[in-house]
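Here's a quick tour of a protein model, written to be read with the structure open beside you. Have a look at it first, then we'll go through it piece by piece.

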Amino acid sequence: MSLDLTEELIDFIEKSPTAFHAVAEIRRRLLDQGFQELTEAEAWHLAPGQTYFTTRNQSSLIAFKVAEDTHDYSFNLVASHSDSPHYRLKERAELKDDKYLRLNTEPYGGMIAQSWLDRPLSLAGRVLVEEEGGISSRLLAFDRDLVLIPNLAIHMNRKMNQGVALNPQVDMIPLLAGKKAQKGDLKALVAEELDLPADAILDMELSLYHRMPGRIWGAHKEFFSAPQLDNLASAFTTLAGFLEGEAHHPQTTSVYACFDNEEVGSGTKQGALSTFLKDVLRRIHFNLGGDEVSYYQRLASSFLISADNAHAIHPNHPEVMDESNYPELNAGVVVKTHAGQKYTSDGVSRALIKVIAKEAGVPLQFFANRSDQAGGSTLGNLAMQQVSVNAVDIGLAQLAMHSSYESAGVDDPAYMRDLIVDFFQYRLRQDDQSGFKLDRK
């Protein structure tokens, strides 16, 4: 069962070379499950117990199942992100001389740059096309090895294995073509792939993506590797739990959110720091006849799971982890905590997730940074600046985070899915100033 879900996750990732494609694949799965698509520009007409979703910028999505009891309910929310570190083409991307045609890129997020060298890459993203009366957006993914970023030979840099500082403006520029190349070849390739005239293309948002397929490996097939595990692994497994859980609590509106731009700070109209989540929750509540006061009452008994991957203890460098708070592969869902609040977990939310995990039969493990080391952050505490609810940060343990090809444990995706399935069966109730009750369907 764990292996089946992991293989499905690998397939999901292969269909999702960019955040645009990931959201398109999530959208397809929701439509297959009977969810109704809403647009932010139109009026919403919601009904108890029904399922809906909406998107923003084609790269963020929020889906929800309306509570059956719309007079006394709260929100159960799970959030992840659709983006991963990569290299993005600039507006004027072609760099042409008499020998080569290269593509001018800049880094998106903080990646392990060395992992992008000397391997098959291609281009994917969205293309804005002029049509009669307007502009349309087309998703594009070249399904072939198209570019490569060549390393410098060790003969030209004898200190290569002592560590190299890679300059993104010099060293990370991909090669597209040789002497036969002509100016405009990139747009011509895109136009041919989309079967439209080149002069119809108004703009392109294209990125490099890693072409190596996901693989299950190890002596006992206990590991798997793929591009973009951070954070498509959490996006996929929380979606699986959201869709599989038929027994959602009748007094909760269940919400699945997948935001773009976490890797660059979330401060966009479609990021976790935007009003997207707040806008959707308020529209749900007011559509069901609620008012401003009752909206805040609903939030007081709501709960958010922020799902973003976590660092597993490294086989060659255990010294970089905290002595007692280190996750292992195939050992369960990771709960992340930081004294400086880089993660949104606190004593209350950790206690609540422990109760839910115990009932679901899902093992939990815990992560904290070494006290002498700065760590990363995620979207939970950013989303809470717009919608303040009790929240916990969790994730799947993985190795080589922000490499172009990352690794994790085969059993852990099923643990995450099972935890989310059980989570949606609960309703949190604020009992008094310091106490909470958990009602289970």
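## The cores

Which residues in the largest nonpolar core touch the most other members? They are L30, F242, Y256, I305 and I394, out of 50 residues in that core. Helix 4 (residues 229–244) supplies the largest share, nine residues. There's also a second, separate core of 31 residues, with W44, F75, V389 and A391 among its members. A nonpolar core here is a set of buried Ala, Val, Leu, Ile, Met, Phe, Trp, Tyr and Cys residues joined through side-chain atoms within 4.5 Å, and buried means under 20% relative accessible area, with exposed over 50% and partly exposed in between (1.4 Å probe, protein chains only). As background, nonpolar side chains in soluble globular proteins tend to be buried together.

Not counting residues up to four places away in sequence, I394 touches I305, S306, A307, D308, V333, V334, V335, K336, M416 and L419; contact means heavy atoms within 4.5 Å.

## Ground rules

Keep in mind that this is a predicted model, where local features need pLDDT of at least 70 and side-chain atom pairs count only at pLDDT 80 or more, while totals for chains, interfaces and linings use all residues. Residues are numbered from 1 along each chain as its sequence is written, and side-chain values use heavy atoms, with hydrogens and water left out.

## The whole protein

Zooming out, the protein has nine helices and 22 strands. These are DSSP runs numbered from the N terminus, with helices being H or I of at least four residues and strands being E of at least two. The radius of gyration is 23 Å, close to the 22 Å that the globule rule gives for 441 residues, so the protein is as compact as a globular protein of that length. (That radius is taken over C-alpha atoms, and the rule is 2.2 Å times the number of residues to the power 0.38.) Along the principal axes, the C-alpha atoms fill a box of roughly 75 × 60 × 40 Å.

Of the 441 residues, 52% count as buried. Among contacts with a separation of 6 or more, 75% come from residues 24 or more positions apart. The accessible surface comes to about 19,500 Å², with 48% of that belonging to carbon and sulfur atoms; accessible areas come from the Shrake-Rupley method with a 1.4 Å probe, and for residues only the protein chains shown count as cover.

Most residues other than glycine have a negative phi, and most peptide bonds are trans. So where does the backbone do something else? A cis peptide bond joins D230 and N231, with omega about 15 degrees, and N231 lies in helix 4. Q228 sits in the loop between strand 12 (223–226) and helix 4, and its phi is positive, near 60 degrees. Q228 counts as buried because its relative accessible area is 15%. Leaving aside neighbours within four places in sequence, Q228 is in contact with I13, S16, P17, S84, A233 and E406.

N330 also has a positive phi, near 65 degrees. Look for N330 in the loop between strand 15 (310–311) and strand 16 (333–336).

Is L352 buried or exposed? L352 is buried, with a relative accessible area of 9%, and belongs to helix 7 (residues 347–360). Beyond four places in sequence, L352 touches F303, L428, F436 and L438. L352 and A391 are 39 residues apart along the chain, with 9.5 Å between their C-alpha atoms.

N104, in strand 6 (residues 101–108), is buried too, at 10% relative accessible area. Its contacts, not counting residues up to four places away, are R88, L89, K90, R92, A93, L95, Q169 and I173. L166, by contrast, is partly exposed at 23%, and is found in the loop between strand 8 (134–141) and strand 9 (175–177). Its contacts, again leaving aside neighbours within four places, are A113, Q114, L117, D171 and M172. From L166 to K437 is 53 Å, C-alpha to C-alpha, and 271 residues in sequence.
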